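Subject: A structure for you to look at

Hi there,

Here is the structure I promised to pass on.

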Amino acid sequence: MPLTIGDLFIVFAAVFGGIGLQIWLSTRKQIWYGLLLPVISIGYSLYLVPKVSFYEELNTQFKIGMYLQQNMLTIGLLIIFGICQWRRYAKKNQ
């Protein structure tokens, strides 16, 4: 089923809105705000792992691959957080 223009717009708005929210939270004075979305993301992936482990027909490599795929969002959010914190640190020490 192909995506309509409206569906595609909603997907892009959600992706860019999430990235914008992460950048905004990562540039706040308290660094814990920037870690909020990565903690939610890793919590969801930890919630999902026991549900996948229930299926015995899935091999271990598939489960590990699925776990890593679930954490790609967490890694991306942490990279954004690290870049924003590094820029704040560099600007502060000029």
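Let me start with a question: how many residues apart in helix H2 are Tyr44 and Tyr47, and about how many helical turns separate them? I'll come back to that once the overall picture is in place.

Please keep in mind that this is a predicted model.

**The chain as a whole**

The secondary structure consists of four helices and zero strands, and along the sequence this reads as α-α-α-α. The chain has a radius of gyration of 17 Å, well over the 12 Å that the globule rule gives for 94 residues, so it is more spread out than a compact globule. Taken along the principal axes, the box filled by the C-alpha atoms is roughly 55 × 35 × 15 Å.

Of the 94 residues, 17% count as buried. The chain exposes about 7700 Å², and carbon and sulfur atoms supply 72% of that area. As for contacts with a separation of 6 or more, 63% of them come from residues 24 or more positions apart.

Ile19 has a relative accessible area of 33%, so it is classed as partly exposed.

**The aromatic pairs**

In one of them, Phe12 and Phe16 are stacked, with 6.2 Å centre to centre and 25 degrees between the planes. Phe12 and Phe16 are about one helical turn from each other, because they are four residues apart in helix H1. Phe12 is partly exposed at 44% relative accessibility, while Phe16 counts as exposed at 56%.

Tyr44 and Tyr47 are three residues apart in helix H2, so about one helical turn separates them. Tyr44 is partly exposed, with a relative accessible area of 47%, and Tyr47 is partly exposed too, at 48%.

**Also in helix H2**

Ile40 is found in helix H2, which runs over residues 36–53. With a relative accessible area of 51%, Ile40 is exposed, because the cut-off for that class is over 50%. Ile40 and Leu25 are 15 residues apart along the chain, and their C-alpha atoms are separated by 14 Å.

**A buried loop residue**

Is Asn71 buried or exposed? Asn71 has its place in the loop between helix H3 (60–70) and helix H4 (72–92). Its relative accessibility is 7%, and the cut-off for buried is under 20%, so Asn71 counts as buried. Leaving aside residues up to four places away in sequence, Asn71 touches Ile42 and Ser45.

That's everything from my side for now.

Best wishes

Terms used:
Residues numbered from 1 in each chain as written. Predicted model: local features only at pLDDT ≥ 70, side-chain atom pairs only at ≥ 80, totals over all residues. Heavy atoms only, no water. Helix = DSSP H or I, 4+ residues; strand = E, 2+ residues; numbered from the N terminus. Buried < 20%, exposed > 50% of the residue type's maximum accessible area, 1.4 Å probe, protein only. Phe/Tyr/Trp six-rings, centres within 6.5 Å; stacked < 30°, edge-to-face > 60°. Contact = heavy atoms within 4.5 Å. Rg over C-alpha atoms; globule rule 2.2 N^0.38 Å. Areas by Shrake-Rupley, 256 points an atom, 1.4 Å probe, with all protein chains shown as cover.
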